[in-house]
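Biologist: I'd like to go through this one with you and ask where the labels come from. Can you put it up on the screen?

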Amino acid sequence: MNVIGAALAAAAGLALAGAAASVLFGRSARARVAGPLTALSGVAAVVAGAAAVAGASWSFATPDLLPLTGVELTIDALSGWFLLLVGAVTCVAGTYTVGYVGRSGEGASSRGALFLLPLFAASMMLVPLAASVPTLLAGWELMAVTSLLLVLTEHRHRPPQAPLANATQSDERTAARAGGAVRDAAVWYAAMTQLGFVALLAGLLWLAAVAGGTSFAAIRAGAAGMDATTAGVVFLLGIVGFAGKAGAVPLHPWLPRAHAESPSHVSTLMSAAMVKLGIYGLLRLGFDLLGGGATWWWLVLVVIGSGSALYGITQAAVAQDLKRMLAFSTSENVGLILLGVGFAGLYARSGNPAAAGLALAAALLHTANHAAFKALLFAGAGSVVRATGTRDLDRLGGLVRTMPATTIMFGAGALAAAALPPGNGFVSEWLLLQALLHPGPDAGTLLTIAAPLAVAVVATTAGIGVATYVKAVGTGFLARARTDPAALARESPPSMIVAMGLAGLACVGLSVGPGLTVPALSRIAADLELILDTGQPMVPSDLALRFDAVRATLWPLWTVLGIVAVTVAVAVTARGLGPARRRAAAWDCGDGPLTARMEYTATSFAEPLQRVFDDVLAPERDVDVTHVDESRYHVSAVSFQQRIPDRIENRLYQPLLGIMRRLGEQARGLGNGSVHRYLGYMLGALLAVLVLGVLR
Amino acid sequence: MTRSDWLEQAINLACGLLLLTAVGALWRREVSALIPILSVQGIALTAIAALLASEHPAGAEAVVVAVLVGALKVVVIPLLLRRVHRLVPGARETRPLVNVASSLLAAAGLSLLAYAAAGPLIDASPSPTARATPVGLALVLIGFFVAATRQRAVSQIVGLLLVDNGIAATAFLATDGVPLIVELGVSADLVLAVLVLQVLTARMVRTFGDGDLDDLRELHD
Amino acid sequence: MTADVRGLVIVALALGQAVLLAVLAPYVLGLTRAVRARLEGRAGGRLGQPWRDLRKLLRKGPTSPADASLVFVAAPPVLMATSIVVAGAAPFVATASVAGRADLIVVVGLLLLGTVALALAGLDTGTAFGGMGASREMTIAALVEPTLLLSVFALSVRVGSTDLATIVSAGATDPASVFTPASALAAAALAIATLAEGGRIPVDNPSTHLELTMVHEAMVLEYSGRDLALVEWASSLRLTILLGLLANLFVPWGVATALTPIGVLIGAAVFVVKVGLLAVALAVGEVFTAKLRLFRVPELLAGSFALALLAVLAAAVLG
């Protein structure tokens, strides 16, 4: 058995051991055993993935385990990349779980929740390995079910908030409301993921039927002769299933709800790893199984990607719930990845495999970068939520003094997510822009128009993204605490900081040495019949990104070193001049000491952007004026409420839900309790079958 | 006439009697009239079974089956039905969902459909009496129709019994004979079903004072 | 020249360029102020006044607000560092020096990093003005990004690379390629973007003292002493960088394309002259324009975005 087989067996074994441990151990030791076992399972998956992207291969088939078709597993470079991603995120999440879930035995530290966590991770590792349609669907559904149950973890027991001076029955009401929100999130998630699954089922089974076999090898062979309409419909169904799982607009309403309401270690796994499997599905279906397809397929992906990127970041910019902001940011990054994938397909269709390889490389590098920094960000957010009990940015602040390690980690993640130069998000965004900026000499009209528009989308997204993350870090962590829970926060336990540190190391590695991923990306591109041409023999230790074919070079290591060196030099030099620094009160216009209420909140920070995008966001405002009893000219209190709804959800989903509700109410008459009616249905069905039999 | 011709004529006669009784079940309004109709149907079915048993190579088992069918359908079931009927004597189908004339037309239509649908069955069957299979299928459809359109609980039971008679007839006519074990199983099921329905009807009469199924319209917790 | 010697020369050149720009920047600021004063009928300060201000501030001790953290202290060095790195790496004096190291997207990103550092510092002070300045500055920065990157696109289409040195040397060696409609449109778009990035009228008034009209100044209200010196210096350095980029991208003659001492000296001199002329033009423009209301700025930036998009289309269609 080669390295991959051994590593995968180890991963599966460790995951099962973690699940068993969570059942067997008592509540004080449960998390401390199950978490590291899950993390080690992730490490094994990383080893397997790394071996696969380095060129090793492995396959496994057994006729048992699944009825009718059995299980078939194969690994190639593309699967290896995603397996590596999933494994790395699992490692971070497993380590994080140890400190995050606590020892209360309820909610996230209960038997059930810790039992499901390794199973969720294992099912995510199964999906990229699948080599036949039933295996893929089984892994997909297992992933969906386990994640759904994990989303529901805190619907009864929210972890206790930081001690408040007057914490009484308001806690119960808050807990009840929180439980309702969790259940609402779970319902949306369940409905949309099952909708995606049905679409996937229909599409993939139809594909298997037309191609004459359920294994991917058979489909690859049989799809060559498929007619364009069938292939197109299959791909569209695949988009509904895979892009819905990835959280692309307009299939996104579940994402902000589920990622915000689930406990943070689950959010990390879902946002950093699970949505990438949607991307994997699209790549596998579009490029590999269906062999490239038609131009309009990729154009649909480009449009969806652009919409997701713009809408996602706009909603993130005005969100005041920290985890909802991160969830919408995931949607935005998925949009950028889909943009890259779409353009890879467009370039491939227009006969430019080099540019296609570059676009694909950009998309894949962004999946890795996003996994790294989103894991870091959600871990940091979970740290904040655990310490302060609130996700509301308007109530946080001042955490830089009470939680310095978390602040540094979150700041590093925010730097990467904002796509600013020393961060790793910048590297993949640079690569994406390079891919868009070189459509090639004989690109058609479509590409000539689409490429600049895509550049505009990427640029707008990047700009608003920077503002979003400045808001998150600035209002959430800096200055003074705005409320008591934030002031009473304490730093997280070491396991959580170690987990964040692991994710941070991954970010640093990817930002300083992206050239190390180029051999893997070339192999994946070659597998999908594209070219990633660096123009010169590759030196394995070359850290920089160099594509001589398009005359683009990026030296992140030098940039980072330059910035750091010069900063230190300037700081040290300045320190030597003049008198020492002293502290004093900030200027308060002579009116007395400044209070925390005078700081800008997240809502006020985002207000200019919200005004600029007023038409897209359509905020709902409510002003309530209470007058003094004696005279209507005097005001005793004014209350202002602003809500920014999800406009796509209101315009697209609420009418659909209304129609379904009306249909359901009308259908109630179908089952009104009359025995005759039921018997009549049976008779009618029997007669219909007989008539059909006669007619045929 | 040869023995097999005479046999075939007798079977056709019995089948005709089956069909006639089925239509009769649709025609008569008084529930008390349904029980003799079912008894006659049972006799016809027993006759078919016995006639087929006389020609059967493995004769002993088939004779036992015929005896079992007779005991069940001529004696036991009508007895049980009389017990149910005694709960609400003098019951009539006053408001059937489909009136009598339309029911009879429907029965004719169902018989035609049964004839058309049974074509493949006839072709696939090894037995020479298979040409009469449509009768069995028609009996099934008419029994279903009775159950679906009649108001009283007793009528529903009668419909179920008609369906069972039809299935039994199809089995006898189209196959090489029903094995004993199958017949035992089916009979046990049927008796059990009728017993359960009897209990439910008694319950209903006790609660509502009448055996009218329309009282069961509203769904309650 | 052997590779090692060439490497050393390049590093020396980068350092020298950074020093040149750092020394030049306050004079550029002084020039704009002097021209503006003269046109407004005032006597105004002398050219070297910003340098004297810097010297005064460097001698004074900095004060941090009570609520601020390390971010407030670290922001001025970070801002200065990003500006110096760009000043050293971008091809202002010679193109041969930094070939392959100054990508235009990286330059845009580094400038944005400096803005972000200052915005975080503004939020860190815990005052309402700091937050206000940070909020406005980030909104403007977010809306300028698309224009900047699209202009990059327009410029790189004709050269086939986003590397600054390649673009500048292509323009220097082939003058006709500069006078295209795409270039003109891109120049207009980049000019407006420069005004926004540099915090000049009509986007922001650098010499206002009414806090509610401030954008950049509001973020740095709490800075004093050498912190303020670094911030002011870095702001003028950024303005010089932006003017220098504008000059070298669209009027690239005089830039040294080979690493000869004479060429480098001529390149430096021509650069100083070009930036000076642009500073004068900037000052004249400022005198005759008023600052826009904050919520009219997006319209201006949308206009520059449209110009940049037209530049790209022109580059693709008209070649």
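This is a predicted model: local features need pLDDT of at least 70, side-chain atom pairs count only at pLDDT 80 or more; totals for chains, interfaces and linings use all residues.

Biologist: What makes C:D67 and A:R480 a salt bridge?

Modeller: The rule wants a side-chain nitrogen of Lys or Arg within 4 Å of a carboxyl oxygen of Asp or Glu. Here the closest N and O atoms are 3.0 Å apart, so the pair qualifies. The count between chain A and chain C is two salt bridges.

Biologist: Which helix gives the most to the side of chain A that touches chain C?

Modeller: That's α17(A), with 17 residues; a helix here is a DSSP run of H or I, at least four residues, and a strand a run of E, at least two, numbered from the N terminus.

Biologist: Why are β5(A) and β1(C) called paired?

Modeller: Pairing takes at least two DSSP bridges between the strands. Three join β5(A) to β1 (residues 63–65) of chain C, so they pair, and they run parallel. A:A584 stands opposite C:P65 there.

Biologist: How many residues are in contact?

Modeller: With contact meaning heavy atoms within 4.5 Å, 71 residues of chain A are in contact with 67 of chain C.

Technical notes
Residues are numbered from 1 along each chain as its sequence is written. Chains are lettered from A and ligands numbered from 1 in the order in which they are written. Side-chain values use heavy atoms; hydrogens and water are left out.
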